[in-house]
Amino acid sequence: MKSLQVLKKTIFLLIIFSANIQLAICQTVIGSWATLASGARPQSIAVDASGNVYTGNYGNYSVSKITPAGVCTQSWAVLAPFAQPTAIAIDAVGNVYTANLGNITVSKITAAGVCTQSWATLGANPTGIAIDASGNVYTANYSNNTVSKITPAGVCTQSWATLASGAGPNALAIDAVGNVYTANYSNNTVSKITPAGTCTQAWATLASNASPFSIAIDASGNVFVANKNGTVSKITPEAVCTQSWAALASGTMPYSVAVDASGNVYTANFSSGTVSRITPAGVLRKVGQLAHILTA
């Protein structure tokens, strides 16, 4: 009887210990922190230095702004009809830029919400956008396998870099020294382009079924790619590629990837409606699994 009581007490303490650990490592998830207008269909998101969140709304051709307190301005900026913004980025002074798939333009919106609809006109459909430290804007153009560069004054070089035929660049990211990297959906590669525009087409080659959606870079220059096949690839600055650096749950489709200041990698998973967190060591956090929590 005494042994049974000891066992029950041990189990009870273990449950309390487990619950405390889970509370310590988990964030509170609010299902509807901000609700957008019906039909908005947000396809991209960015956060400014003050913590304001902006969404590019593919469905109703607008940009919404949400304060850190969750107050949402639905149509903070209204884009041209059928603009269909697919990507969004913010520069150092708070200007917001959208890459508009529908009308092949880039819109610029000041921090005050003043919108220049066709700040730059491209020659192909943009699917990704990024800004370097000097304020130059780059777009990944899926339809003609190019990268465009736009100066802070709005001067556009349509084909600043040309990728391989059939590459299908879906997204791009810029490292600390100005190199541009593209995630090429159609030929499963990552291209690297120097600040001078010199392009290494297949700087890294991914798995044949990867179909990369998104790309991000950490402070050390490591490149992370979110792949349709449910994996995250990691590529070192020397181009050493770990194809399945992290494997997500079966059926998970990571549509976007981001890295925080501590090197944790996050994926937004389109098919499952979840967000995965991966430590710098490549450990996938699975909240609720006691064995993992106790050993993580």
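I began with strand S10 (residues 137–141), which is mostly covered, as 5 of its 5 residues are buried. Buried here stands for under 20% relative accessible area, exposed for over 50% and partly exposed for anything in between (1.4 Å probe, protein chains only). Strands are DSSP runs of E with at least two residues, helices are runs of H or I with at least four, and both are numbered from the N terminus.

A note on what I am looking at: this is a predicted model, where local features need pLDDT of at least 70, side-chain atom pairs count only at pLDDT 80 or more, and totals for chains, interfaces and linings use all residues. Residues are numbered from 1 along each chain as its sequence is written, and side-chain values use heavy atoms, with hydrogens and water left out.

**Entry 1**

Next I looked up the pairing, which takes at least two DSSP bridges between two strands. Strand S9 (residues 126–131) runs antiparallel to S10 and is joined to it by 5 bridges. Here I found Ile129 opposite Thr139 in S10. The hairpin of S9 and S10 has 5 residues between the strands, and its Gly135 takes a positive phi near 90°.

On to strand S11 (residues 146–150): 5 bridges join S10 to it, again antiparallel. Tyr138 stands opposite Lys149 in S11. This hairpin, of S10 and S11, has 4 residues between the strands, with Asn145 at a positive phi near 60°.

**Entry 2: Gly94**

I found Gly94 in the loop between strand S5 (85–90) and strand S6 (96–100). Is Gly94 buried or exposed? Gly94 counts as buried because its relative accessibility is 16%. Leaving out residues up to four places away in sequence, Gly94 touches Ile109, Thr110 and Ala111; a contact means heavy atoms within 4.5 Å. I also looked up Ala112, which is 18 residues from Gly94 in sequence and 9.0 Å away in space, C-alpha to C-alpha.

**Entry 3: a lining**

Last, I asked which residues lie nearest the centre of the second largest pocket. They are Asn269, Thr274, Val275, Ser276 and Arg285, out of 12 lining residues. A pocket is an open set of points on a 1 Å grid over the protein atoms alone, where a 1.4 Å probe fits, with protein on both sides within 12 Å along at least five of seven lines; lining residues have an atom within 4 Å of a point. Strand S23 (residues 274–278) gives the largest share of this lining, 4 residues.
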